[in-house]
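Dear colleague,

I am handing over the structure below, and I would be glad if you could read these notes beside it.

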There are 2 protein chains.
Amino acid sequence: MILKKYLLAPGPTPVPPEVLLSMAMPVIHHRSPDFLPILDSAKKRLQWIYQTKNDVLILCSTGTGGMVASVNNFFSPGEKVLVINGGKFGERWVKIAQAYGLNVLEIPVEWGYSVDVNRVDEELKKHTDIKGVFIQASETSTGVYHDVESIGKIVRNYEDTLFIVDSISALVAHDIKTDEWGIDVMVSGSQKGFMLPPGLAFVSVSEKAWKRNEKSKMPRFYFNLKKERENLAKNQTNFTSAVSLIIGLNEALKLMQKEGLENIFRRHAVLARATREAVKEIGLNLFPKGTPSNAVTAIEAPQGIDGQVIYKTLREKHGVTAAGGQDKLKGKIFRIAHLGYADKFDVIVGISALEMTLKELGYPITFGKGVAKAEEIFSKEEVR
Amino acid sequence: MILKKYLLAPGPTPVPPEVLLSMAMPVIHHRSPDFLPILDSAKKRLQWIYQTKNDVLILCSTGTGGMVASVNNFFSPGEKVLVINGGKFGERWVKIAQAYGLNVLEIPVEWGYSVDVNRVDEELKKHTDIKGVFIQASETSTGVYHDVESIGKIVRNYEDTLFIVDSISALVAHDIKTDEWGIDVMVSGSQKGFMLPPGLAFVSVSEKAWKRNEKSKMPRFYFNLKKERENLAKNQTNFTSAVSLIIGLNEALKLMQKEGLENIFRRHAVLARATREAVKEIGLNLFPKGTPSNAVTAIEAPQGIDGQVIYKTLREKHGVTAAGGQDKLKGKIFRIAHLGYADKFDVIVGISALEMTLKELGYPITFGKGVAKAEEIFSKEEVR
């Protein structure tokens with residue numbers, strides 16, 4: 001029999017069949033009246049999931065393209081920025097900012113921990129010339145959530161400092177109130193909570209950030225947010241729109257609106273909690289010492305077993321594609337996502353596959369113990 | 001009845017059903033053994049259609065992203081480059097080069113004409129510090145083809161000068177021999193001859209260009225071709241691969257290989273010639289005074305009729321999405337494409353819709369005259 005496949009990776013994530021089929025319809029022209037109302041709906045729905053009144057711009061790129069756009073549209077070479085760096089994607093902020101000639105000050109955070117928000121205030125007080133604070137809401141590489149709400153409340157007191165959040169894996173999995181929390185620029189990507197294939201990045205921009213855009217001196221052409229804003233007002237994008245993906249986006253957002261914001265956030269919280277509790281029941285340790293992300297659960301490989309072997313056994317023997325550890329965490333952890341088009345049985349499949357995998361690798365385990373814990377949680381908190 | 005739709009625009013172009021369905025399959029992970037062989041096949045097939053032994057890098061962006069990558073990977077601010085500017089996309093080369101601080105020298109070409117290739121040699125002799133020559137193979141805005149073969153032969157004599165070709169609408173429609181003609185960097189995009197939705201750009205890079213890449217000092221992160229090259233060697237892309245689009249790319253390239261290079265180029269040549277001859281038979285003038293492109297035919301609106309009205313009538317009354325004129329050609333021309341997934345009946349539909357549209361707009365016409373001319377050509381030169 002063919003190996004039936006289950007995608008439990010923190011991106012790309014599974015895409016609902018309705019969305020896949022909508023993208024399989026014949027291609028339409030991006031400047032035609034067939035397409036403009038679709039882009040109009042999608043942009044309004046994006047504001048809804050972003051919880052913002054500001055424009056959410058749509059770029060044809062991966063999420064990293066959106067991160068670059070958040071740097072090269074609001075700063076000028078030599079300016080000082082503060083990066084909270086607690087994982088592979090924190091490092092990415094550092095690398096992008098440095099590639100564009102910014103003077104990067106870091107708050108290094110031990111991988112697995114959430115940042116101490118007071119450290120941000122300390123740095124902002126010490127260095128009055130910090131023009132921007134960069135962070136991940138959910139650091140995908142460590143499975144850790146940073147308290148962007150509290151940091152937003154701090155940064156908003158600094159008139160000349162923008163707060164820029166990478167929500168690529170956090171958005172949809174966490175309740176992130178862009179406007180209320182004072183997030184000036186927020187990036188996300190299609191292949192995570194949005195239940196879409198990779199290919200689109202989304203960037204919201206506050207009025208405070210638009211003012212800074214006027215002064216920003218950095219080379220930009222493809223990622224030019226001001227031009228995107230002008231085009232979005234006419235329901236267009238600056239260059240050829242990724243029509244198929246945007247049609248899919250609109251369909252995926254329709255499904256999300258049917259579910260409702262509160263239900264979406266509760267579902268992700270319950271799936272994440274069930275995964276964590278099941279993992280602990282099995283006897284493994286969670287990697288995060290800080291607040292765990294609701295998008296992905298990072299799990300320590302037990303003593304004597306390589307995390308990469310767990311990841312490979314899950315995939316090759318059981319058809320379950322989770323994720324290994326990245327960079328210095330390679331072999332030490334593995335990660336199971338519960339993000340986007342995920343329900344309780346995705347968790348059950350993930351935990352069941354993990355139980356069988358661990359037994360095969362010689363780890364002492366009682367079959368069904370983790371699954372039972374997850375069922376217990378699902379019986380108390382309904383997730384539909 | 002619902003209006004049946006026909007897409008005859010110079011991008012996006014129609015996508016074959018086999019390709020649409022391949023992209024509607026469940027999403028797979030971009031670092032998994034499910035995906036790596038697909039990327040491996042796609043990259044080899046790209047080299048085949050590019051007629052190159054060099055790497056053809058795959059970017060997640062529109063074609064314009066590929067144009068940016070051709071600028072910011074091979075030059076440094078202040079360097080002199082020569083742009084052949086004969087249309088909207090020639091202008092785009094100028095704008096991108098200027099955005100990145102290059103010293104742009106232009107050969108302005110009247111819209112509708114092909115460049116006089118001797119002018120390129122003259123400029124290269126006069127300015128010995130020209131580091132790159134930029135051109136469109138097919139200028140989509142005017143429907144004109146530039147003789148990139150002859151220019152390639154000139155530029156290769158200049159050791160320190162790269163030849164960079166935008167083949168976004170030309171590739172597949174024209175026989176472009178990347179290596180033989182000495183093209184150092186060639187850009188194309190998924191939504192044209194490749195029969196795919198928008199979202200991917202392709203860039204080939206010669207050894208001469210890679211050497212220049214070592215010296216290039218420009219900020220780059222998302223469009224970093226050296227990193228893409230390192231990843232492509234491992235059948236990966238630098239950031240999350242646009243898995244669905246790359247799966248579709250591989251399927252579309254399979255279809256092309258079945259047809260064969262010669263047949264593909266002959267088909268486009270015959271479709272383009274039939275379109276041109278039919279248009280002339282109707283009594284309209286072709287816009288190009290230079291060599292016409294085989295991707296798209298630009299047609300002058302007859303005296304007293306607005307080209308935008310022709311375009312809108314074609315679309316609204318007949319369901320045929322062609323294209324209007326861009327910028328200063330708006331209202332003066334309209335364009336019918338025969339690019340990618342196009343056969344003889346696409347031409348027949350386009351010409352028939354044009355005949356009916358012109359009659360409705362009061363232009364004197366004998367029904368069927370243009371169609372007859374196209375049929376005559378197709379009866380002599382079989383296009384399958």
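This is a predicted model: local features need pLDDT of at least 70, side-chain atom pairs count only at pLDDT 80 or more; totals for chains, interfaces and linings use all residues.

Residues are numbered from 1 along each chain as its sequence is written, chains are lettered from A and ligands numbered from 1 in the order in which they are written, and side-chain values use heavy atoms, with hydrogens and water left out.

Chain A is divided into domain 1 (17-258) and domain 2 (260-380), with bounds that come from an automatic or database domain assignment, and their C-alpha centres lie 28 Å apart. In contact (heavy atoms within 4.5 Å) are 29 residues of domain 1 and 25 residues of domain 2.

The area buried between the two domains is about 2,300 Å², of which carbon and sulfur atoms give 64%; buried area here is the accessible area (1.4 Å probe) that two parts lose on being put together, summed over both. Of the area that domain 1 buries against domain 2, A:Trp111, A:Gly143 and A:Ala173 supply 22%, more than any other three residues.

Across this interface the rule finds 1 salt bridge, defined as a side-chain nitrogen of Lys or Arg within 4 Å of a carboxyl oxygen of Asp or Glu. The side chains of A:Lys88 and A:Asp327 meet in a salt bridge, at 3.8 Å from N to O.

Best regards
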